[in-house]
Amino acid sequence: MRKKPRNLLGKYNWLISSGDKEKFWHISMPLDESIPNSHKKTVWTCSYGWLLVSQEKQAKANESYRSYQFCVWEPESSKVIDLPPLKLNPKQRICAATLLSPPDNPGSTVLLFDDVLRYFIFYKFSDKQWTKRWFGKEMEDIGDESFINKNYIAHCDGKLYAATLSYDSLMVIEETRPKVFKLKPLNCDLPSACFSSPAPSNCPSDYLLDYFGQPCFVEVLWGGVNQQHLVGINVSKLEFRGDGMDWIKEKSAEGRAFFLSDNCSFSCLVDEPEIDGGCIYLCANNRVYTFNIEDQSVSVSLALENCLRQKTSLFLAMPDLNRICNLRAKSKHTIAKLEEEGIVIEEKGEAQAKSICELSLDILGSIAKHLYLDDYFNFRSVCNTFSKVAPSIKWREASLKLKLPPLSPWLVFPKGNLSAIHTFIDPHFGGRYLIKIPESLLDTQICYSNDGWLLMCNHDLMVFYHPLKLKFIRMSQVSREHKSCFGYGLSSSPTSADCTLVALGFNSIYYICRSGEEWNESEFEGVWNTYDFPDYDFEPNHSSPVYFDGAFYFLDRNGKLGVFRLNNGQVSWEILRELENPWEKMESPGDGFCYSYLSECGGNLLSVFVMDQLVHIYKLNFTSEKAWEKVTSLGNHALFLSPSSSFSVIPSSSDMENKVYFRKLYGVDIVYYCLSTDKFYTCGNKEVVADFNNTTEFIYSTWIEPTWQ
């Protein structure tokens, strides 16, 4: 008699650890449930609420084959269906598996893929044994010698779509007649944005899955020192139009969530308060990443500590999608019904401010003029009366006499995917401001920041934009290669006549020097040039270069420091190989080590290495024997770090000194690291944060120095 687990799983999506002992967790709550008799078993996939599980049997001495026992198990009902034993040639290897329909459906089939001898191995629940069909000849006709990728299998609207590792074109696997499966290539390449994304990656991971009955391709872009820093996700849906088909980029997925893992990927309607619609839940690196498609934010959870102490891998599973209904649709229907009945929710903001609103307009106006900038914004947002006596600020005019102390850098990011609104967060005062960007920049992303200017880019446009002065500096020439750049750097403010812009590609540096017979501040005239690395010994990192002492310095993901010099039209490149990588001397770089940055600070060139719980800072000693020296204090400086821009300032407030500020948010507060205590804190309530887990960062966020004079 098999042990039945408690019936706790219900309609929830599950997180499964696969190792010596398989266990369940709910993706958003600590539900810990073991799979019965799971020792040394392999969980292949989950479809329609059923897990496909196998176990290799011990071969006898005289047997020349390998024997496997497969079964399908529905955790919700604890029902188990054992399949006939499967005998394989010793050379055969199963690389992927799928369940084409629920086991109780007529003709339901379990389909396995052998990637060595190239066989379809399948079992129909009405049969007594497995069937094998060779598809090697079809793969040869296609011209593909690789095998079906387990992440490239999707069952959509009755059709099975697949692709191989090396063949970039989509194909359909059809059962043309009973027990005969055929490969049918489609005239449609898989989308690939890893070389043309504003956040390129040399380590993407891809997933093909069903999305409302249509194939959907999700490309996850990784970066950072150990390729565990999520730098972007692209979602594309295959649209069928007449005789053709095209991949269309999805900018939102309201009411639906994606769940990605190496063994099982799917999307479904959201019917759980703990699960957010429009998000992608990704199991990788023994973590759960949550990516919001619309606002391009990512948060990381590492709650499964017991699982991580074992050698396990994580993947997601799902219940029967037929049980799931759309909670958002229910909510909208309920709200509409309440409105029809005349039921409204009273807003109390105006009533609460009634007493102070009774003051004369002159007094209120006088109060407004004596407020600091962040308090002035908050004052205007209280009610209509306050907004009238405190007019909106004309950033390019000095018509309003406010107290304007030197401001700390602000964190800036789009409010939504390709949003017309940019959000600015002040880490010192805690203010959060919204600024509308010009319509011409709606399809651009923030790629770099310098001296209050943002470099905004898309595939056809590069422009420097000052969000407070509302000024533009347009690039006269757009580099095609900028689509695959990891970081940008400027030699000086983009308003300077002798400014140089550089960009780091996969194996090249692209640069443009400002020129032009007549000086025009609003135009960045020049010609893009390319310098190709003489070898492949420098691995690009998602980190901006630093212009220091007449040269651009680049830090690669292995800690190597490269120097790029421009002198009277002559270009040189050097890797400082004598420098010992500082992070190699750290006590435990390990899997938690994720980020590295370069920054100038107080006349020194700093390298910053960030682990989950520690921050290590080094300065470069420019003696005859160059070496990195440990830094234990920043003095009266503060560092502001992001992949697109990193710099230091002397803050106007002493309580910001000797701290490192990140673009990560814990709740609504920015996270910083204090070198005096070696701990992470939040800016708002100074709460201690153990590490970066359960924090959120916006992919296209950066630090900007707010200036309008």
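# A guided tour of salt bridges and a cavity

A search of the whole structure, which is a predicted model, finds 12 salt bridges. Side chains of opposite charge can pair when their charged atoms come close.

**Stop 1: Arg577 and Asp535.** Select Arg577 and Asp535, which form a salt bridge whose closest N and O atoms are 3.6 Å apart. Which parts of the chain does this pair tie together? Arg577 lies in the loop between β42 (570-575) and β43 (595-601), while Asp535 lies in the loop between β38 (528-532) and β39 (546-548), so the pair ties together parts that are 42 residues apart in sequence. Asp535 has a relative accessibility of 31% and therefore counts as partly exposed.

**Stop 2: Arg577 and Asp537.** Asp537, at 26% relative accessibility, counts as partly exposed.

**Stop 3: the network.** Now display Lys560 together with Asp535, Asp537 and Arg577: these residues are linked in a network of salt bridges.

**Stop 4: Glu697 and Arg663.** Move to Glu697, which forms a salt bridge with Arg663; the closest N and O atoms are 3.4 Å apart. The pair links distant parts of the chain, with Glu697 in strand β53 (residues 696-698) and Arg663 in strand β49 (residues 659-666), 34 residues apart. Are Glu697 and Arg663 buried or exposed? Both Glu697 and Arg663 are buried.

Stop 5: Rolling a probe the size of a water molecule over the atoms shows where empty space is left. How many cavities of 30 Å³ or more does a search of the whole structure find? The search finds 7. The second largest cavity has a volume of about 180 Å³. To locate this cavity, select Gln228, Tyr289, Val300, Tyr595 and Lys664, which are the closest to its centre of the 15 residues that line it. Next, colour β19 (229-241), β24 (287-292) and β25 (297-301), the elements that give two or more residues to the lining. Finally, colour the lining by class: the second largest cavity is lined by 7 nonpolar, 4 polar and 4 charged residues.

Methods
Residues are numbered from 1 along each chain as its sequence is written. This is a predicted model: local features need pLDDT of at least 70, side-chain atom pairs count only at pLDDT 80 or more; totals for chains, interfaces and linings use all residues. Side-chain values use heavy atoms; hydrogens and water are left out. On a 1 Å grid over the protein atoms alone, a cavity is a set of points where a 1.4 Å probe fits but cannot get out, and a pocket is an open set with protein on both sides within 12 Å along at least five of seven lines; lining residues have an atom within 4 Å of a point. Grid points are joined across faces, edges and corners, and a volume is the space filled by probe spheres set on the points. Helices (H or I, at least four residues) and strands (E, at least two) are DSSP runs, numbered from the N terminus. Ala, Val, Leu, Ile, Met, Phe, Trp, Tyr, Cys and Pro count as nonpolar, Asp, Glu, Lys and Arg as charged, and the others, Gly among them, as polar. A salt bridge is a side-chain nitrogen of Lys or Arg within 4 Å of a carboxyl oxygen of Asp or Glu. Buried means under 20% relative accessible area, exposed over 50%, partly exposed in between (1.4 Å probe, protein chains only).
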